2 protein chains.
Amino acid sequence: MVLALPESASLARRVSDLAGMPLSAVESRQFPDDETYLRIDAECTGKSVVLVCTLDHPNQKTLPLLFLADAARALGARRVGLVTPYLAYLRQDRQFRAGEAVTSRTFARLLSGYVDWIVTIDPHLHRYGSLNEIYGVPSRVIHAAPVVAAWIAEHVERPVLVGPDVESAQWVTDVASRVGAPSVVMRKERSSDQVVKVSAPDMEAYRQHTPVIIDDVVSSGHTLIETVKCLVSAGLRAPVCMAVHALFSKEAEQALSNAGTAGIVTSNSVPHSTNMIDVVPLMIPAVLELC
Amino acid sequence: MVLALPESASLARRVSDLAGMPLSAVESRQFPDDETYLRIDAECTGKSVVLVCTLDHPNQKTLPLLFLADAARALGARRVGLVTPYLAYLRQDRQFRAGEAVTSRTFARLLSGYVDWIVTIDPHLHRYGSLNEIYGVPSRVIHAAPVVAAWIAEHVERPVLVGPDVESAQWVTDVASRVGAPSVVMRKERSSDQVVKVSAPDMEAYRQHTPVIIDDVVSSGHTLIETVKCLVSAGLRAPVCMAVHALFSKEAEQALSNAGTAGIVTSNSVPHSTNMIDVVPLMIPAVLELC
């Protein structure tokens, strides 16, 4: 059976439909003092429960998620797994300065204490080789590259794929080879969370192409904005921006539009008005394997 | 050493001053995607760390609190305790309807996994006899009654203490005996989170007294508002409202004022403009005992 908190209701419906597992209702509301009330309106005894909760805005969502997992277990669930298309708290993967909280480890250990398995899409793994280094439960990592490539192949004429930084190189090359398109990678210098400087390699050969910038996460949008500006000022066509996880605000979307993007395309790993790519089907085999 | 998240900085300073323990800085900020960055700017190795974090708005505060506790331990702290003047998630102490998450148990088990001890003020214990029923670590419960009584004795002439419901009877009687004042208890019927009906016993004898309504928590304010209205319409003087834990919004404060209260007085267990009673000194002996 599938259960979800209200914010992930549409993702849960899709998981339920595609996996052929019933979606059970979760009653949820906030008390006047901001505590959460939760009630699972279904028999859990002996069931394998699939929780669906994408983890953008994780501070607010995590405690209700733990309540839901614990409630399912208290009600007799045999197994409790988590489908979290966007998995939070992976960036701080070491102490860059003495005294820093390595939140990725704490968050991983926390979640691992409440669920039996995890399925997610393109987690932001940088210094960790895999989720197994920090998560104590089995996980399956699904890559959105095939559906991202399919979208580009269908919607963009003569694309040139653009990675905004070296971290994105491997992922951009993978998508480019699936599309059968060329790719380039920008040079990025980040001086803070907010300030990013991007410079382009020689793009002369791609004046008749449509640049498609792809990244795993958009949050502040600064990296994409600078990349768009850089390509536009190099005389290229208006670039399409693609990201798997849409963590960005209305302001960032507007700023991207002002910078000259031809459009923003994201996956539905995080509900957002720019969602155009469905990643849920990719997760279903892993869900059926682990549940 | 004392550590705190920014929201509890003033409480932490007071704990530090009164306990004679140094207050160390915690660097904290939100990333654009709403994840929390934390850094403890002090040597923790071998130290007994006292975290100060009052738990109003618990969904947002809990994850950063767990990060801070885990970071202190990862940095070598010998012991990590929690001073939480207001402890959240105690109301849902059983399943009132099948399928409900008993959040008090989940929250207690969660916190108990991250801290070695807890000191709190007047937790909302109803069906639990003590925190030990659900918390797996030692705790000390401090009662605000002595300082509440002292405030009334000093500031209110001819007080009559009023408990808004039978749950408050024991607490009101205790404060009344400390003040040497009479007390009455109202009859409350609650038909939902929002709707409360209150009726008064015969108050004829108290026409020359100032009613002082006391409760442990104010959140929506509905109970206090109805109690104030009831007393005012019975022809009594404008009542003073007192509560230990100020979880109420500006709107509730305004509504209480409109209902005819002479003033609202709360303790500093939760920072609020109505704070007039300092409960921190009451906690210090327990902190020094457990740390």
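# A guided tour of chains A and B

Begin by selecting Ser269(A), which counts as buried because its relative accessibility is 0%, and keep in mind throughout the tour that the model on your screen is a predicted one. Ser269(A) sits in the loop of chain A that runs between strand E14 (263-267) and strand E15 (275-277). If you show its surroundings and set aside the neighbours within four places in sequence, you will find Ser269(A) in contact with Leu11(A), Thr54(A), Pro85(A), Tyr86(A), Val244(A), His245(A) and Val279(A).

**Two loop residues with positive phi**

Stay in chain A and select Tyr89(A), in the loop between strand E5 (79-83) and H3. Most residues other than glycine have a negative phi. Tyr89(A), however, has a positive phi, near 55°, and is not a glycine. Is Tyr89(A) buried or exposed? Its relative accessible area is 1%, and therefore it is buried.

Next, move to Asp122(A), in the loop that lies between strand E6 (117-121) and strand E7 (139-142) of chain A. Asp122(A) is another residue that is not a glycine and yet has a positive phi, here of about 30°. With a relative accessible area of 8%, Asp122(A) is buried, since the cut-off for that word is under 20%.

**Where the two chains meet**

Now display both chains and colour the residues that take part in the contact, which are 48 from chain A and 48 from chain B. In chain A, the residues that lose the most area to chain B are Glu35(A), Asn59(A) and Phe67(A), which together make up 14% of what that side buries. The area buried between the two chains is about 4300 Å², and carbon and sulfur atoms give 51% of it.

For the polar side of this interface, the rule finds 22 residue pairs in polar contact across chains A and B. Which elements of chain A give two or more residues to the side that touches chain B? They are strand E2 (26-30), strand E3 (36-40), helix H2 (58-74) and helix H3 (103-112), and H2(A) gives the most, with ten residues. Sorted by kind, the residues on this side of chain A are 22 nonpolar, 14 polar and twelve charged.

There are six salt bridges between chain A and chain B. To see a salt bridge between the chains, select Arg109(A) together with Asp70(B), whose side chains meet at 2.6 Å, N to O. Then select Glu27(A), Arg39(A), Asp41(A) and Arg97(B), which are linked in a network of salt bridges.

**Into the nonpolar core**

Select Phe107(B), which is listed with Leu51(A), Leu51(B) and Leu111(B) as having the most contacts inside the largest nonpolar core, a set of 90 residues. Leaving out neighbours within four places in sequence, Phe107(B) touches Leu63(A) and Phe67(A) in chain A, and in chain B its contacts are Leu55(B), Thr62(B), Leu87(B), Ala88(B), Tyr89(B) and Tyr135(B).

Continue to Val287(B), in helix H8 (residues 280-290) of chain B, where a relative accessibility of 0% makes this residue count as buried. Apart from residues up to four places away in sequence, Val287(B) touches Met21(B), Val50(B), Val83(B), Trp117(B) and Val119(B). If you draw a distance from Val287(B) to Glu35(B), which is 252 residues away along the chain, the C-alpha atoms are 31 Å apart.

**Salt bridges within a chain**

Side chains of opposite charge can pair when their charged atoms come close, and the structure holds 28 salt bridges over all chains. Select Arg14(B) and Asp278(B), whose side chains form a salt bridge at 2.5 Å, N to O. Arg14(B) belongs to helix H1 (residues 9-19) and Asp278(B) to the loop between strand E15 (275-277) and H8 of chain B, so this pair ties together parts that lie 264 residues apart in sequence. Arg14(B) is partly exposed, at 32%, and Asp278(B) is also partly exposed, at 24%.

Then go to Asp116(B) and Arg73(B), which meet in a salt bridge at 3.2 Å, N to O. Asp116(B) is in the loop between helix H3 (103-112) and strand E6 (117-121), while Arg73(B) is in helix H2 (residues 58-74), and the two are 43 residues apart.

Finish in chain A with Arg207(A) and Glu204(A), whose side chains meet in a salt bridge at 2.8 Å, N to O. Arg207(A) counts as partly exposed at 35% relative accessibility, and Glu204(A) counts as partly exposed at 48%.

Definitions and conventions:
Residues numbered from 1 in each chain as written. Chains lettered and ligands numbered in written order. Predicted model: local features only at pLDDT ≥ 70, side-chain atom pairs only at ≥ 80, totals over all residues. Heavy atoms only, no water. Contact = heavy atoms within 4.5 Å. Buried area = accessible area lost by both parts, 1.4 Å probe. Salt bridge = Lys/Arg side-chain N within 4 Å of Asp/Glu carboxyl O. Polar contact = N/O pair within 3.5 Å; in protein donor to acceptor, adjacent residues only side chain to side chain. Helix = DSSP H or I, 4+ residues; strand = E, 2+ residues; numbered from the N terminus. Nonpolar A, V, L, I, M, F, W, Y, C, P; charged D, E, K, R; others polar. Core = buried A, V, L, I, M, F, W, Y, C linked by side-chain atoms within 4.5 Å. Buried < 20%, exposed > 50% of the residue type's maximum accessible area, 1.4 Å probe, protein only.
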